[in-house]
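Colleague: I'd like to learn how you read sheets and DNA contacts off a model. Could you walk me through this one?

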Protein chains: 2
Amino acid sequence: MAPLSQQMQQLSETCSHCSLRYLCLPDHLDSHDLEKLERLVDSGAPVLAETELFAQGEGLTHIYAVRNGSAKTVRIDEEGFEQILGFYYPGDILGFDGFADQHHHCSAVALETSHFCRIPVDQLDALVDELPSLRQRLVRLMSQVLSEDGRMMLTLGRKDSEGRISSLLLGLSRRRALRGMPASSVPLNMKRADLANFLSMRLETVSRVLTRLQRAGVIKVSQNRVDILDRDALRERSSRGAWVADQS
Amino acid sequence: MAPLSQQMQQLSETCSHCSLRYLCLPDHLDSHDLEKLERLVDSGAPVLAETELFAQGEGLTHIYAVRNGSAKTVRIDEEGFEQILGFYYPGDILGFDGFADQHHHCSAVALETSHFCRIPVDQLDALVDELPSLRQRLVRLMSQVLSEDGRMMLTLGRKDSEGRISSLLLGLSRRRALRGMPASSVPLNMKRADLANFLSMRLETVSRVLTRLQRAGVIKVSQNRVDILDRDALRERSSRGAWVADQS
DNA sequence: CGTAGGGTTGACATGTTTCAACATCAGTGG
DNA sequence: CCACTGATGTTGAAACATGTCAACCCTACG
């Protein structure tokens, strides 16, 4: 077996051979179109944990696809408060919110040592004009994010702390399954503070809920990894504690 | 002056003469492209309050632009809980989240008697392939929504009840200003229950906060209209009560 | 005038934050 | 190898904001 670094090098080079092509931009592109897209993609050096891929306010020059590892996006509002907008895993695209005015509206930071595919937007833009299939794929991906954001707003707004944590764990698990990784063992690559920020809770509460779920035998927490022992119970808890909607 | 109904009729017919063209899809399109877009737009009969434009799960056939009046989008999650995702005003587009899989992921409902421009997606799709400027416009609009959603998640997550109401009022006011309408007098076309649902609060709390703000002399509430008396105080309150972010 | 839907207000219960102490772990240098 | 240190995570007690439940008010409308 080739050394790991070389393996990744090779995978990074071509979308056609990438195991993530059905999650990522290339999905639904025929081999001819794919080849053209491939030529735009630049897979650079590994990015260390805590390193910024792009910064809020910066001009939009590239969008990024997670190759391996993970990232978070962070937004700082007018008053200086910081909000984590999402966590990103292999196949996810970073930077979509920059198309509005050619400037990034959030920052992206690697959670661990990770690899990303860099795609220059001007060239992508030109290619999109050329390839209807790519245009469609792009719009679909953006629309998908839109729809996921809706789901998140729902979670954030309507669920109590246990519901939020449960939803998050199930969500991370589901995304692992999509990538063909063991869905019952979820690594928490981010810090507790990140989790807390993302879910709009205090980190003490995150801690408490995790231990409560563990004591209930629903999950097993071992430092940065959560094993889902009873998925049904977790699902149950993710919806319990959600408020009843007032009649419209 | 022509009767109102006739006036609107006329306005609805052509994007070129629409006062909202710089907010809406037509922005940045030259007159030639605009003409082609115009031909797709169908401005139908007035839509009564509480009427659904499209329903969650339904196939995506049209997207809609608010011509006048207002609308809300609602999403019902797996567990049957209902969440209002947004309020929409003239020039706003409804239906973007349907591009992901050609199905609507939320329902759209008119808040009052309103007019909408209906745009068939298949024809739009074809036209987008033909007109790069339209494609770009579409992507930008979607990206913009993405970015606004981020802002909303921030508000929802980090602010207390007073902060949420204040943010909402300022937001509605800002959007009125964008449309050249008096920004200090904000009509609340939606019910208190809708506000509560959108902001993830109970309607009792909405009520309490509104009267509290009124007693403080920041706003004046008269049934379905809020007058902003002290914008600075409102801004102050919209950021106060926001949590300090934990250090990453 | 009476009814119904929407909105307001009050008293109480509860979950989450806050503040503070403590535990754990990794890395560093003696 | 161990003691130190700082960063990270856990736990506890008390304060506080918001939810809950119930009563009440108001306005529109038949």
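Colleague: Let's start with bridge partners. Which residue is the bridge partner of T73(B) in β7(B)?

Modeller: The general idea comes first: strands of a sheet pair through backbone hydrogen bonds, in either a parallel or an antiparallel sense. In this predicted model, T73(B) has A108(B) as its bridge partner in β7(B). That bridge belongs to the pairing of β4 (residues 71–76) with β7 (residues 107–110) of chain B, which is antiparallel and covers 4 bridges.

Colleague: And what is the strand order of the open sheet in chain B?

Modeller: Walk across the 4 strands and you get β2-β7-β4-β5 in chain B, with antiparallel pairing. The edges are β2 (52–54) and β5 (82–88) of chain B, and each of these pairs on one side only. From one strand to the next, the twist averages 30 degrees.

Colleague: Which helix lies across β4 and β5 of chain B?

Modeller: Look for α6 (residues 192–199) of chain B, which runs at about 105 degrees to β5(B).

Colleague: Now chain A. Why is one side of β1 and of β6 left without a neighbour in the sheet?

Modeller: Start with the order again: this open sheet of 4 strands reads β1-β8-β3-β6 in chain A, with antiparallel pairing. β1 (42–43) and β6 (93–94) of chain A stand at the edges with a single partner strand each, so one side of each has no neighbour in the sheet. For β1(A), pairing with β8 (residues 115–120) of chain A is antiparallel over 2 bridges, and S43(A) has C117(A) as its bridge partner in β8(A). There's a helix to find here as well: α3 (residues 121–130) of chain A lies across β3 (62–68) and β8 of chain A, at about 65 degrees to β8(A).

Colleague: On to the DNA. How many residues surround DNA strand C, and which are the closest?

Modeller: I take the neighbours first, then the atoms. There are 16 residues around DNA strand C, the closest being S161(A), R202(A), T205(A), R208(B) and T211(B). By class they divide into 3 nonpolar, 5 polar and 8 charged. α7 (203–215) of chain A and α7 (203–215) of chain B each supply at least two residues of that surface, and α7(B) gives the most, with 5 residues.

Colleague: What share of the atoms of DNA strand C within 4 Å of the protein belongs to sugar or phosphate?

Modeller: It's 60%, with the rest in bases.

Colleague: Which residues are closest to DNA strand D?

Modeller: Of the 16 residues that surround DNA strand D, the closest are S207(A), T211(A), S161(B), R202(B) and T205(B). Sugar or phosphate accounts for 63% of the atoms of DNA strand D within 4 Å of the protein.

Conventions
Residues are numbered from 1 along each chain as its sequence is written. Chains are lettered from A and ligands numbered from 1 in the order in which they are written. This is a predicted model: local features need pLDDT of at least 70, side-chain atom pairs count only at pLDDT 80 or more; totals for chains, interfaces and linings use all residues. Side-chain values use heavy atoms; hydrogens and water are left out. Two strands pair if DSSP finds at least two bridges between them. Axes are lines fitted to C-alpha atoms, for helices over the stretch in contact, and angles run from 0 to 180 degrees between N-to-C directions. Contact means heavy atoms within 4.5 Å. A residue is near a molecule or strand if one of its heavy atoms lies within 4 Å of it. Ala, Val, Leu, Ile, Met, Phe, Trp, Tyr, Cys and Pro count as nonpolar, Asp, Glu, Lys and Arg as charged, and the others, Gly among them, as polar.
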